[in-house]
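Please open the model in your viewer and keep the selection panel at hand. The tour below moves from one selection to the next and says what is to be found at each stop.

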Amino acid sequence: MLASAGLVAFGAWAVVTTPPPASMIAVAPDDSPGGGFDVDVTGVRCGVPSVGPSGMEQEAAGQFCLLDVKVTNNGREPVLFDSAAQRVRDDDGVAYAVAEQAAVFLNDRGSTLLNEIQPGETVAGVLPFDMPFGARPSDAELGDGATTTGVRVNLPDPC
C-alpha cells in the first residue's frame, strides 16, 4: 500500500493512505504522434464530506470521491489538462463530472493540474467528484477533452 500525505489549502486537511496504483494510461489524439498525456491514477478515496480551509470549506452534496492522479505532457507544447473533461462512473453507469470548485482547493499548491503542463513535465493532482452517499466509482473516463473521447480505466474499490 502506498502511503501519501496531501495537504489541502493552508495545511488544514491531510490524506493518510491511498491504495496501490490503479492504472497508467496514455491519452493522445490519433493524429498527434508523441502528443497527449499519460495519466497515472495513484489512488481513490471516498466518503470525504468537504475540502478546503476552515471557514471556506467546499461541502459535497453527498460525498467527495477523490482520484489522485499524475499527468505527464507527452507533447511538444505546454497544455492545460482539462479537468472538466474527466468523468467517473458508478456501478449503475451514472457519470459524474469533476467538482470544479473543490478541485481549486485540492490543487492550489505549486505546479498542479490547474496550470499549463510543460512538455515532458509530470504534475500530481486530485480530481474530486461529488457523488451520492454510498456510491462508489467503478471506472473513470480520462481524456484531453478537445481531441479525444477518452480512455476508460477500471478503478479499485476505494474502501
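Select phenylalanine 37 to begin with: in this predicted model its relative accessibility is 3%, and because buried means under 20%, phenylalanine 37 counts as buried. How many aromatic pairs does the structure hold? The count comes to one, and the two rings now on display form it, with their centres 5.3 Å apart and their planes at 90 degrees, so that the pair is edge-to-face. Phenylalanine 37 lies in strand S6, whereas phenylalanine 81 lies in the loop between S7 and strand S8 (87-90), so the pair ties together parts of the chain that are 44 residues apart in sequence.

Now move to cysteine 46, and select cysteine 65 together with it. These two cysteines form a disulfide, with their sulfur atoms 2.1 Å apart, and a search of the whole structure finds one disulfide. The pair links distant parts of the chain, since cysteine 46 belongs to strand S6 and cysteine 65 to strand S7, 19 residues apart. A disulfide is a covalent bond between the sulfur atoms of two cysteines. Which hand does this one have? The torsion about the S-S bond of cysteine 46 and cysteine 65 is about 120 degrees, so the disulfide is right-handed. Both ends are buried, although the values are to be read separately: cysteine 46 has a relative accessible area of 19%, while cysteine 65 stands at 1% relative accessibility.

For the last stop, select strand S7 (residues 58-73) along with S10, which run antiparallel and are joined by ten bridges. To place one of these contacts on the screen, pick glutamine 63, whose bridge partner in S10 is methionine 131. Then colour S10, residues 122-131, by accessibility: seven of its ten residues are buried, so this strand is largely enclosed by the rest of the structure.

Methods:
Residues are numbered from 1 along each chain as its sequence is written. This is a predicted model: local features need pLDDT of at least 70, side-chain atom pairs count only at pLDDT 80 or more; totals for chains, interfaces and linings use all residues. Side-chain values use heavy atoms; hydrogens and water are left out. Buried means under 20% relative accessible area, exposed over 50%, partly exposed in between (1.4 Å probe, protein chains only). Helices (H or I, at least four residues) and strands (E, at least two) are DSSP runs, numbered from the N terminus. Two strands pair if DSSP finds at least two bridges between them. A disulfide is a pair of cysteine sulfur atoms within 2.5 Å. Rings of Phe, Tyr and Trp (its six-membered ring) pair if their centres lie within 6.5 Å; planes under 30 degrees apart count as stacked, over 60 as edge-to-face and the rest as tilted.
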